[in-house]
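The structure is shown below.

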Amino acid sequence: MKFLTGLVLAAAAAEAHYTFPRLVVNGVAEEKDWSVTRRTKNDQSKSGIENPSSGDIRCYSSTTAAGIATVPAGSTVHYISTQQINHPGPTQYYLAKVPAGQSAKSWDGSGAVWFKIATAMPEVDKNKQLVWPAQNTYRTMNATIPSSTPNGEYLLRVEQIALHMASQANKAQFYLSCSQIQITGGGNGVPGPLVSLPGAYRSNDPGIQVNIYSIAPDSYRPPGPAVWQG
Ligand SMILES: *[C@@H]1O[C@H](CO)[C@@H](O)[C@H](O)[C@H]1NC(C)=O
Ligand SMILES: [Cu+2]
């Protein structure tokens with residue numbers, strides 16, 4: 001019995017999953033977990049989302065947070081991860097502007113409102129495996145809030161797409177968080193293209209159903225719209 005328990009624990013550790021409960025802006029983390037970042041429903045289980053058409057793909061059916069983080073345009077942002085991000089795959093960041101008359105503390109992010117501000121391509125490591133920025137660390141990769149982003153309240157969404165089993169349909173795993181932010185010192189940019197979540201992804205997109213053990217790094221195509229350059 002003891003032996004079996006040990007085996008099960010070892011398997012759980014090897015397959016450790018993660019959440020991103022804390023936003024970091026220019027090196028300063030939100031004061032505690034889930035204070036401006038919306039608590040995701042996998043807070044305990046840490047499990048990923050396998051169906052990119054599910055409603056969870058937007059903000060993981062999170063509950064709204066009490067605060068709003070002030071984020072100057074041009075800031076560098078990342079998230080602290082509860083476990084090592086040990087699964088290979090890209091990290092992407094999106095923003096959605098809160099409509100007039102609504103608040104980041106309650107808005108649900110529905111509609112064609114999301115634009116991408118960062119994505120990542122893989123490199124090849126010494127074992128000839130594809131590896132992405134910040135993989136095997138306890139944080140997501142950096143992204144920059146474009147300096148021409150208009151001022152106002154937004155939802156900021158991070159996702160890391162685990163592709164280790166993604167050669168099968170609906171076996172990519174999405175790990176993600178949404179944070180309530182207010183962008184200050186911004187500009188007059190016109191962000192786009194704007195997409196809906198769910199809506200922007202299909203199970204068989206080449207960046208979602210892909211055998212990463214048989215492709216060249218520069219042939220990987222991250223899913224979703226082009227990055228808005230600001
Ligand atoms: C992320 O950005 C911060 C602030 O600009 C910088 O100090 C840090 O070196 C960056 N980290 C990585 C892994 O790029
Ligand atoms: Cu996993």
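The model is a predicted one.

Most residues other than glycine have a negative phi, and most peptide bonds are trans. K46 is not a glycine, yet has a positive phi of about 65 degrees. Y60, also not a glycine, has a positive phi of about 60 degrees and is found in the loop between α2 and β3 (69–72).

The surroundings of these two residues can be classed by C-beta counts, with 20 or more others within 10 Å taken as buried and 12 or fewer as exposed. K46 is partly exposed because 15 other C-beta atoms lie within 10 Å. Y60 is buried, because its count within 10 Å is 25 other C-beta atoms.

| Peptide bond | Form | Omega |
|---|---|---|
| G192 to P193 | cis | near -5 degrees |
| L197 to P198 | cis | near 0 degrees |

P193 is placed in the segment after β11 (173–184), and P198 lies in the segment after β11 as well.

**The sheet**

An open sheet is formed by four strands in the order β2-β1-β4-β9, with antiparallel pairing. Its edge strands, β2 (28–29) and β9 (143–144), each pair on one side only. Strand β4, residues 76–80, pairs with β9 in the antiparallel sense over two bridges. V77 stands opposite A143 in β9.

Notes: Residues are numbered from 1 along each chain as its sequence is written. Chains are lettered from A and ligands numbered from 1 in the order in which they are written. This is a predicted model: local features need pLDDT of at least 70, side-chain atom pairs count only at pLDDT 80 or more; totals for chains, interfaces and linings use all residues. Two strands pair if DSSP finds at least two bridges between them.
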